[in-house]
Amino acid sequence: MIKRHSRPALLLALLPLAVALAAPVAARADDGDAKTNDDDPTINQQGFAINKILRVLQTNPDAASDSCINALKEMHQAQTALSKEEGVDAEHNQDIGVARDVLSSEMEDVTNMCGADARTYCRKSAAHPDPKLTAACNALPPEED
């Protein structure tokens, strides 16, 4: 079980991971703000959504539930596995598709679990607006049905 005092450090440590997930083979667009992933744009899109969620949770790491933290850990493990598969001859590696599917599934879990925590925190914080938090809350991806 993760103790409360370790959550801020864990979330801060996982933010660079989420950024890396957004574009493992990334290139910047001409305007400098959008990343693309030539190998799997779905993972790239999920990474952008996770980054937005983590921006909210960074303002109050205690708002992240244990299920969110665990989902982030699972996502990190899936990212490590994908990185290993990408290190092998990607053109002839049949396992890379499985690794991408697993990572995408883990990222979906992070989006659902951590996204719910971020939205809850945004609703609770609406009475005491902070411009940085308000901007992060407004940038959250839409809730999926």
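The entries below cover the disulfides, the helix packing, the nonpolar core and one lysine.

**Entry 1: what kind of model**
I note at the start that this is a predicted model, and I read everything below with that in mind.

**Entry 2: disulfides**
How many disulfides does the structure hold? I found 2. A reminder to myself: a disulfide is a covalent bond between the sulfur atoms of two cysteines.

I took Cys-68 and Cys-114 to begin with; a disulfide joins them, with an S to S distance of 1.9 Å. Cys-68 sits in helix α3 and Cys-114 in helix α4, so this pair ties together parts 46 residues apart in sequence. I looked up the torsion about their S-S bond and got about 105°, so I wrote this disulfide down as right-handed. Are these two cysteines buried or exposed? Both Cys-68 and Cys-114 are buried.

Next I went to Cys-122 and Cys-137, whose sulfur atoms are 1.9 Å apart in a disulfide. This pair also links distant parts of the chain, with Cys-122 in helix α4 and Cys-137 in helix α5, 15 residues apart. Here the torsion about the S-S bond is about -90°, so the disulfide is left-handed. Cys-122 has a relative accessible area of 13% and is therefore buried. Cys-137 comes out at 18%, so I list Cys-137 as buried too; the cut-off for buried is under 20%.

For the pairing pattern, I numbered the bonded cysteines of the protein chain in sequence order and got 1-2, 3-4.

**Entry 3: α3 against α4**
I then checked how the helices joined by Cys-68 and Cys-114 pack. The axes of α3 and α4 are 8 Å apart, and the packing angle is about 160°. That makes α3 roughly antiparallel to α4. Their crossing is left-handed. Sorted by class, the α3 and α4 contact holds 14 nonpolar, 2 polar and 8 charged residues.

**Entry 4: α2 against α4**
How do α2 and α4 cross? Helix α2 covers residues 41-59 and helix α4 covers residues 95-125; their axes come within 9 Å and cross at roughly 30°. The two helices are therefore roughly parallel to each other. I noted a left-handed crossing for α2 and α4. In this contact I have 12 nonpolar, 7 polar and 3 charged residues.

**Entry 5: the largest nonpolar core**
Which residues touch the most other members of the largest nonpolar core? Of its 27 residues, they are Val-56, Leu-57, Leu-72, Met-75, Leu-103, Val-110 and Cys-114. I was pleased to meet Cys-114 again, the disulfide partner of Cys-68. The elements giving two or more residues to this core are α2, α3 (66-87), α4 and α5 (131-138). Helix α4 gives the most, with 9 residues.

**Entry 6: Lys-73**
My last stop was Lys-73, which lies in helix α3. Its relative accessibility is 35%, so I count Lys-73 as partly exposed. I also looked up Glu-106, which is 33 residues from Lys-73 along the chain. The C-alpha atoms of Lys-73 and Glu-106 are separated by 9.3 Å.

Key. Residues are numbered from 1 along each chain as its sequence is written. This is a predicted model: local features need pLDDT of at least 70, side-chain atom pairs count only at pLDDT 80 or more; totals for chains, interfaces and linings use all residues. Side-chain values use heavy atoms; hydrogens and water are left out. Axes are lines fitted to C-alpha atoms, for helices over the stretch in contact, and angles run from 0 to 180 degrees between N-to-C directions. Helices (H or I, at least four residues) and strands (E, at least two) are DSSP runs, numbered from the N terminus. Angles under 35 degrees count as roughly parallel, over 145 as roughly antiparallel, 65 to 115 as roughly perpendicular and the rest as oblique. A crossing is left-handed if the near helix is turned anticlockwise from the far one by less than a right angle, and right-handed if clockwise. Ala, Val, Leu, Ile, Met, Phe, Trp, Tyr, Cys and Pro count as nonpolar, Asp, Glu, Lys and Arg as charged, and the others, Gly among them, as polar. A nonpolar core is a set of buried Ala, Val, Leu, Ile, Met, Phe, Trp, Tyr and Cys residues joined through side-chain atoms within 4.5 Å. Buried means under 20% relative accessible area, exposed over 50%, partly exposed in between (1.4 Å probe, protein chains only). A disulfide is a pair of cysteine sulfur atoms within 2.5 Å.
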